[in-house]
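Open the model in your viewer and keep the selection tool ready. This tour moves from one selection to the next.

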Amino acid sequence: GVPDPGYGWTETLMKLAGPHMDGLSLHYYVISGDTWEDKGSATEFDEATYYKMLRRADYTDALLRGHEAIMDRYDPKGRIGLMFDEWGAWHAVEPGTQTGFLYQQNTMRDAQIAAITLNIFNRHSRRVRMANLAQLANVLQALLLTDGRQMIKTCTYHVFDLFRQHMGAEAVDIGTDNRYLESSEGLLPQISTSASVKDGKLHITLANAHARDEARISLRIDSASYAKASGRLLAGDIHAHNTFAAPDTVGLVPLEGICTKTEPLGTEVTFSLPPCSVAAVTFERQHATEHSK
């Protein structure tokens, strides 16, 4: 199910055209089938297919590491950016719509794919200079769906809302002691994370990929004390999605139950993530020293 990663093309381009390039473009779409023609339904799928697609989204990390290794060889100072300018889930078009328009629904499965991918982009921000969906509305992993004068926000829209806290911030390392979930294509980390700091605040985004089990999160923020923490949450059944008849089936709510404990060497934080959920947590520091891992 894993496509040709294109390392040969990257090697050739960096070797021959590197001095004349400002960016290298990379595209990667996730499908549920085993062939490009078998993309599968956006809303009708089983749990095995859910994990299969999330595992394929997680492959983005290996894909980036492979391309970065080649780019580092020819561009050790990191001048050339990696432009991940097409990504996301590609499903079969919705019944009754025109095939060429690529109109598809957007469920909490797509929210997980978006969160996993965006966290990976954040962790690779040294080389990834641009990463964007191909279209904004109605097409593929869209943020918005329209029908005449009507418009609804998709699950992916709410994920982007959660992740906007990272805009203009500085990425910081976050280590994860993870549980792994089984899929037909290998192991999938249950928890996806990335972190950044900006204006004295620490922002962490997390996703719990498990379809049925909540995750108890325990964070240790070293060498920094934070006075308060707040968060927002997107959660729902793996098939949950918004429609024009029910536009608010899935949306953001406050993340409850965040407990912080300040210690001389840092801050301990605990909270729970529901099954199939994405969260953004912001910490406001108490002292000037700030470091996170």
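Is the crossing of α1 and α2 left-handed or right-handed? The crossing of α1 and α2 is right-handed; that term applies if the near helix is turned clockwise from the far one by less than a right angle.

A note before you go on. This is a predicted model, where local features need pLDDT of at least 70, side-chain atom pairs count only at pLDDT 80 or more, and totals for chains, interfaces and linings use all residues. Residues are numbered from 1 along each chain as its sequence is written, and side-chain values use heavy atoms, without hydrogens or water.

**Stop one: the helix pair.** Select α1, residues 7–17, and α2, residues 47–74. Their axes lie 9 Å apart, at an angle of about 25°. That makes α1 roughly parallel to α2 (angles under 35 degrees).

Now show side chains. Tyr7, Thr10 and Met14 are among the α1 residues that meet α2, where the partners include Ala62, Gly66 and Ile70 (contact means heavy atoms within 4.5 Å).

**Stop two: the largest core.** Select Tyr50, Leu64, Phe84, Met108 and Val159. They have the most contacts inside the largest nonpolar core, which has 51 residues. Such a core joins buried nonpolar residues (under 20% relative accessible area, 1.4 Å probe) through side-chain atoms within 4.5 Å. α2 supplies the largest share, 10 residues.

**Stop three: Leu64.** Beyond its neighbours within four places in sequence, Leu64 touches Leu26, Leu82, Phe84, Ile120, Phe121, His124 and Val128.

**Last stop.** Another core lies apart, with 21 residues, including Ile174, Leu219, Ile221 and Phe271.

How values were computed
Buried means under 20% relative accessible area, exposed over 50%, partly exposed in between (1.4 Å probe, protein chains only). Helices (H or I, at least four residues) and strands (E, at least two) are DSSP runs, numbered from the N terminus. Axes are lines fitted to C-alpha atoms, for helices over the stretch in contact, and angles run from 0 to 180 degrees between N-to-C directions. Angles under 35 degrees count as roughly parallel, over 145 as roughly antiparallel, 65 to 115 as roughly perpendicular and the rest as oblique.
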